[in-house]
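Here is a short walk through one structure. Keep the sequence and the model side by side as you read.

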Amino acid sequence: MTDNAVTAPSPPLGKCLLTGYPGFLGSHLYEQLSGDFELYTLGLGESTTANHIAVDLSQTAPDLPDVHFDLVIHAAGKAHSVPVTEAEKAAFFQVNENGTRHLLEALSRQASLPSALALISTVAVYGQETGQHLDESHPLEATDPYGLSKINAETAVREWGSEGTIKAIVRLPLIAGPNAPGNLGNMIRSIQKGYYFNVGGGTARRSFVWIDDIAPFICRLVAGGGGTYNLTDGRDTSFNELYQALCQALGKRPNPSLPTPLAVPLAVVGDVLGRLAGKRMPFDRIALKKMTTDLTFSSDSAMNDLAWEPTCIIDNIGKVV
């Protein structure tokens, strides 16, 4: 190369609208996508990043920047809680269903519709408490506010009159990643404090997905024409496998497993205390059932149709804690 050679300019970045920023998943998606897209973000909170819109999608359809979006990822949503009151139940529909409809309304007002739209959904739409290797052909039987509101959001996306827009729906199980909320975050905090116990040997299995797999999979999915897919790490991880790996990463000594006959009355006590306090206790009959029954989902379609190679969460458990 001569001294006066000019480096070829990089191709222009596509434009991506990402909702749910700066939440847990939205923040990770932002990091993963920032090298490939000029990002526009939308979320409840304020942000110092460029092109951010602070808005409550559950209440209004915002005015969006007058640009063509190559990709829209709708990651905003409500999860990680069990509603008790009618107001708490209604909040799931306000955020997950109405928020989706408001986003679609806002996109419909654009001069040009997005090239692709991806909805972050959940395996909770299947409405199952037990099962093994459930795939996308399983009926959507959720009746709880979270699962049902996500079914309604999926329906809104599918029925949206947007000729030419590629539509993708990604159904996620538990997300594993740094500072994970929900059940995984609760488990890590319990291990750190020394009061986590497996029940019945921890043989029950659950599906997880590694958080850094989500954005690359979405990009591959929309490039392949879209569709509806489960996304997991391809390995049904037992509670004991996860517990042992987390203990090792945290430098903690594992507690012995709690026999199921002993765990049952403790769970009942948790139910009683929860009713008295007006909130769920860390261990109740809901938690007991989750810890002693299999509930796993298949991502074979993602791997077979899109040649997807998932990241095993156990191999990356040190990044979670």
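Contact here means heavy atoms within 4.5 Å. The model is a predicted one. Threonine 237 touches Ala204, Arg205, Arg206, Phe208, Leu242, Ile313 and Ile314. That list leaves out residues up to four places away in sequence. Threonine 237 belongs to strand S12, which covers residues 237-238. Its relative accessible area is 1%, so threonine 237 is buried.

Next, go to arginine 171. Find it in strand S7, which runs over residues 166-172. Is arginine 171 buried or exposed? Arginine 171 is buried, because its relative accessible area is 2%, and buried means under 20%. The side chain of arginine 171 has polar partners. Another joins the side chain of arginine 171 to the side chain of glutamate 154, at 2.7 Å.

Now turn to the cysteines. A disulfide is a covalent bond between the sulfur atoms of two cysteines. How many disulfides does the structure hold? The count is zero. A disulfide needs the two sulfur atoms within 2.5 Å. Cysteine 312 is likewise in no disulfide, with the sulfur of cysteine 247 as its nearest cysteine sulfur.

Both cysteines can also be placed by accessibility. Cysteine 247 has 2% relative accessibility, so it counts as buried. Cysteine 312 has 16% relative accessibility and therefore counts as buried.

Conventions. Residues are numbered from 1 along each chain as its sequence is written. This is a predicted model: local features need pLDDT of at least 70, side-chain atom pairs count only at pLDDT 80 or more; totals for chains, interfaces and linings use all residues. Side-chain values use heavy atoms; hydrogens and water are left out. Helices (H or I, at least four residues) and strands (E, at least two) are DSSP runs, numbered from the N terminus. Buried means under 20% relative accessible area, exposed over 50%, partly exposed in between (1.4 Å probe, protein chains only). A polar contact is a pair of N or O atoms within 3.5 Å; within protein, one must be able to donate a hydrogen and the other to accept it, and residues adjacent in sequence count only if both atoms are side-chain atoms.
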